[in-house]
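Visitor: I am new to this structure and would like to learn how to read it. Could we go through it feature by feature?

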Amino acid sequence: MAKIAFLGAGMMGLPIARNFLRGGHDVNVYNRTLEKARPLEALGAVLAATPKEAAAGADLIFSSLINDDASRATWSGPDGALHGDVKPGAYAIEMSTVSLTWVAELNALAKSRDLHFLDCPVAGRPDVAESGQLKVFAGGSASDVDAIRPVLAAISKSVMHVGDVGSGITFKLIYNTMGAIQVAACAEGMQACEAAGIDIAVAAEGFATGATGSPHVARHSRYMAENSHEDPVQFSGNNRIKDLAYGIGLIEDVGGQSVIGHAAKRVYEQMVELGMGDLNDSELIDALRVVHKKDRA
Ligand SMILES: NC(=O)c1ccc[n+]([C@@H]2O[C@H](COP(=O)([O-])OP(=O)(O)OC[C@H]3O[C@@H](n4cnc5c(N)ncnc54)[C@H](OP(=O)(O)O)[C@@H]3O)[C@@H](O)[C@H]2O)c1
């Protein structure tokens, strides 16, 4: 069994770390707000006061943090994981949805400490993380990916090796850009049905069972129709905007276009302007209702 350092005990990090513990691994956990990691102690986790302390001597160091700033502070801040007594030849694995620019920088920092680096962002919401059924998009050498597969088995149902370092996050950001566009399109479609006098329960059924029915549309149209959203919040409007900013930046950096990505970002920004940015992405329909009412007044 491996000695794991896990950095970040948020909605995703907590269940992921829990599944590593259930898998029989030794887990040291760091979270900026220590109390949030407390539930892991009952399963045998050791809580660390700093990322540096958590990472010392670990075979694998994983992180699940909100964005570039959080990842930078945790890996390379004054008490960052990379500034401690890391074990040469250990694996540093970034699971957060961060920018490709930061992943490239982090890879260089990890290499300078003789660590193997992989970007392994994940797909699946906290309930999927809890059931150990995440999809991992891995960027790294084939030998590094194969070396960590047995450990990833505790948290995931599949590990897709996308390519070299950086390709996991590249794929994830394009994947999340498409996902964010689908949810925004779903909110606009549902709100338009409502404005046109169609029963939105009927609309949700039609969207979910027709050619429009991706898992995102099926799930979100139901929440919107039932006016019953995930509690606690699983993925917020602010997070959608974060992902779209990284995703659009990457797509444009490689010479692609993201006309629809920009449009979707603008749709979510209306949530923020109404003070609703911390709500579930499915609550976007409520922001569109307010905008619609204002436009009609
Ligand atoms: N939620 C989802 O459905 C989902 C699905 C797939 C991937 N993801 C990705 O998984 C990652 C984690 O998301 P989450 O849903 O677990 O978010 P979350 O519940 O908001 O947790 C965020 C984590 O980042 C830490 N953090 C925030 N700002 C920080 C800072 N400045 N310095 C150090 N730590 C900081 C938080 O620490 P505190 O507890 O101290 O605030 C917490 O550990 C994100 O990159 C997200 O995009 C999320």
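Visitor: How many disulfides does the structure hold?

Guide: A disulfide is a covalent bond between the sulfur atoms of two cysteines. Here the term is applied to a pair of cysteine sulfur atoms within 2.5 Å, and the structure holds zero disulfides. Cys186 is in no disulfide, since the nearest cysteine sulfur, belonging to Cys193, is 9.7 Å away. This is a predicted model, in which local features need pLDDT of at least 70 and side-chain atom pairs count only at pLDDT 80 or more, while totals for chains, interfaces and linings use all residues. Residues are numbered from 1 along each chain as its sequence is written, and side-chain values use heavy atoms, with hydrogens and water left out.

Visitor: Is Cys186 buried or exposed?

Guide: Buried means under 20% relative accessible area, exposed over 50%, and partly exposed in between, with a 1.4 Å probe and protein chains only. Cys186 counts as buried because its relative accessibility is 4%, and Cys120 counts as buried because its value is 0%.

Visitor: How is the protein divided into domains?

Guide: The bounds come from an automatic or database domain assignment, which gives domain 1 (3-164) and domain 2 (170-296). The C-alpha centres of domain 1 and domain 2 lie 29 Å apart. Their contact (heavy atoms within 4.5 Å) takes 17 residues from domain 1 and 19 residues from domain 2.

Visitor: Why does the ligand lie between domain 1 and domain 2?

Guide: The ligand lies between them because both domains give residues to the shell around it. A residue is near a molecule if one of its heavy atoms lies within 4 Å of it, and of the 23 residues around the ligand, Met11, Asn31, Thr33, Leu65 and Lys242 come nearest.

Visitor: Which side chain has an N or O atom 2.9 Å from an oxygen atom of the ligand?

Guide: That side chain belongs to Arg32, while a backbone N or O atom of Ile66 lies 3.2 Å from an oxygen atom of the ligand.

Conventions: Polar contact = N/O pair within 3.5 Å; in protein donor to acceptor, adjacent residues only side chain to side chain.
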